[in-house]
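The stops below are given in the order in which to select them.

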Amino acid sequence: MSHSPARRAARRPRAAVVTALAALTALTAAGCAGPSVGATGGSEASADAVDWSQVEPAKEITWWSNHPGASQEVEQQLIDDFTAETGISVKLVTAGADYDEVAQRFQAASQTDDLPDLVIASDVWWFRYHLNDQIMPVDDVLEFLDADAADLQPALYSDYEYEDQHWAVPYARSTPLFYYNKDLWKAAGLPDRGPETWAELEEWDASLKKEVPEKGSTFGLSTGPSWGAWWFENMIWGQGGAYSDGFELTLDTPEAIAGGQFVHDLFHESGVATLSADDAMADFSSGLIASTIGSTGSLKGALDAATFEVGTAYLPDGPQGGGTPTGGTGLAIPSSRTPEEQLAAAMFLEFLTNTENTATFSQATGYMPVRTSAVESDTMTATYEETPQFRTAVDQLADKARKQDDVRVFVPGADALLNDALEQIIIEGADPATAFESVTPRIETAYTENVEPYLDAQD
């Protein structure tokens, strides 16, 4: 891949990129999946500091959620508790089946009055909301509410920080986990733990293949936007590669290509892995596949659905290590709502994520508690004792979490394009270098057309 102007620009200090990105007024990622992204012009009120002490919170607000981790029931219970405590009613709207559907609906509604007062903001969408001036910084209003932002888990809250402000608050936060069928593991004579390395899983394949159903496999995966390129970060990192160095694409490096070759060989050479037609977690819970990668938010569903004992472990390492990317979703407050609606939304946001309620949500879903004080709370301690699988995600966050590569989470459409390349490798058996090369120009176009002009304007 040639060293285009975009790549030269991307080597500049990240602070310059931050300043330039904040100046964007239009963002239309050519050739990228998902809705086009354009400036919406937030309310004038959001541009100025609000004296929250002079604001009376609205009595009714709307929350758009996709109920991550099948959480609609617990979300409604938390709403009922909040209303009983404050008198503020919250209308819970199913705004989509997943993060992308919610984001597309939010984008489509941006020029209308049909906007929520609180909205799901996933790891690959919140930054677009910020660039479009669609969401407000939460620091001042959380300080007014004495929300103790310092207690939010730093590795999670800092994901939403840009220009010394936070644009969302962590809510249903997760990392990928390695899930395994303990009954099949035992039948195969394997130790009761996940593989420490991917090479170890390949060594165990011969034993496990004898125990899985005829059409099953040792390991299964599913792909898709907001998913495939997320778990693959562990594998590309494990080979010493990455999607990018800052905003500079590094898909053409030997290490990145080795990551692609590794996942290619899992499916097309060793045969350790199979691709699920729809949902690998469903195939795992049914006993069809012996192991998979799933979100921590899938834990409660897996425990409820499986007829076997579910094991959880850190993601395996490659020859150069690995790590686990943080992910999941936060909650953001639209900038165009009135101060009264914004204050009520912030009150509800603070309530949802306080120590007691984040523990309750974690217990009900498997997502990580987002407050440090909740990690060892009585609720979570009891949960760990009763269901030790819940502890894995919390420990992995401390031991193995790694910041995602910038191109995936900050360049609009890049996540979907990276997933396209991954599907070429897995489904079509494409050469990894060729697959990565096929999406590189479109990612670079999104970058050069929408970022580089503003970087040049800074010179």
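Helices here are DSSP runs of H or I with at least four residues, numbered from the N terminus. This is a predicted model, and by that numbering Asp205 lies in helix α10, residues 198–209.

**Stop 1: Asp205**

Select Asp205 in α10. Is this residue buried or exposed? Asp205 has a relative accessibility of 7%, so it counts as buried, the cut-off for buried being under 20%. Now show what surrounds the side chain. Setting aside neighbours within four places in sequence, the contacts of Asp205 are Thr218, Ser270 and Val272.

**Stop 2: the whole protein**

Zoom out and colour by secondary structure. The protein has 23 helices and 18 strands. Of its 459 residues, 58% count as buried. Among contacts with a separation of 6 or more, 75% join residues 24 or more positions apart.

**Stop 3: confidence**

The average for the protein is 87, and 87% of the residues score at least 70. Then select residues 1–47, where pLDDT stays under 50. Where pLDDT is low, predicted coordinates should not be read in detail.

**Stop 4: α4 against α16**

Select α4 (residues 72–86) and α16 (residues 355–365). Their axes come within 10 Å and cross at roughly 160°. α4 is therefore roughly antiparallel to α16, as angles over 145 degrees are classed that way. The crossing of these two helices is right-handed. Which residues of α4 meet α16? They are Val74, Glu75 and Leu78, and on the α16 side show Asn357, Thr360, Phe361 and Ala364. Sorted by class, this contact between α4 and α16 has four nonpolar residues, two polar and one charged.

**Stop 5: α4 against α15**

From α4, display Leu78, Ile79, Asp81, Phe82, Glu85 and Thr86; from α15, display Ala344, Met347, Phe348, Phe351 and Leu352. By class, the contact of α4 with α15 comprises eight nonpolar, one polar and two charged residues.

To finish, centre on Leu78 of α4. Leu78 is listed in the contact with α16 and also in the contact with α15.

Conventions:
Residues numbered from 1 in each chain as written. Predicted model: local features only at pLDDT ≥ 70, side-chain atom pairs only at ≥ 80, totals over all residues. Heavy atoms only, no water. Axes fitted to C-alpha atoms, helices over the stretch in contact; angles between N-to-C directions. Parallel < 35°, antiparallel > 145°, perpendicular 65-115°, else oblique. Left-handed = near helix turned anticlockwise from the far one by under 90°. Contact = heavy atoms within 4.5 Å. Nonpolar A, V, L, I, M, F, W, Y, C, P; charged D, E, K, R; others polar. pLDDT = per-residue confidence, 0-100. Buried < 20%, exposed > 50% of the residue type's maximum accessible area, 1.4 Å probe, protein only.
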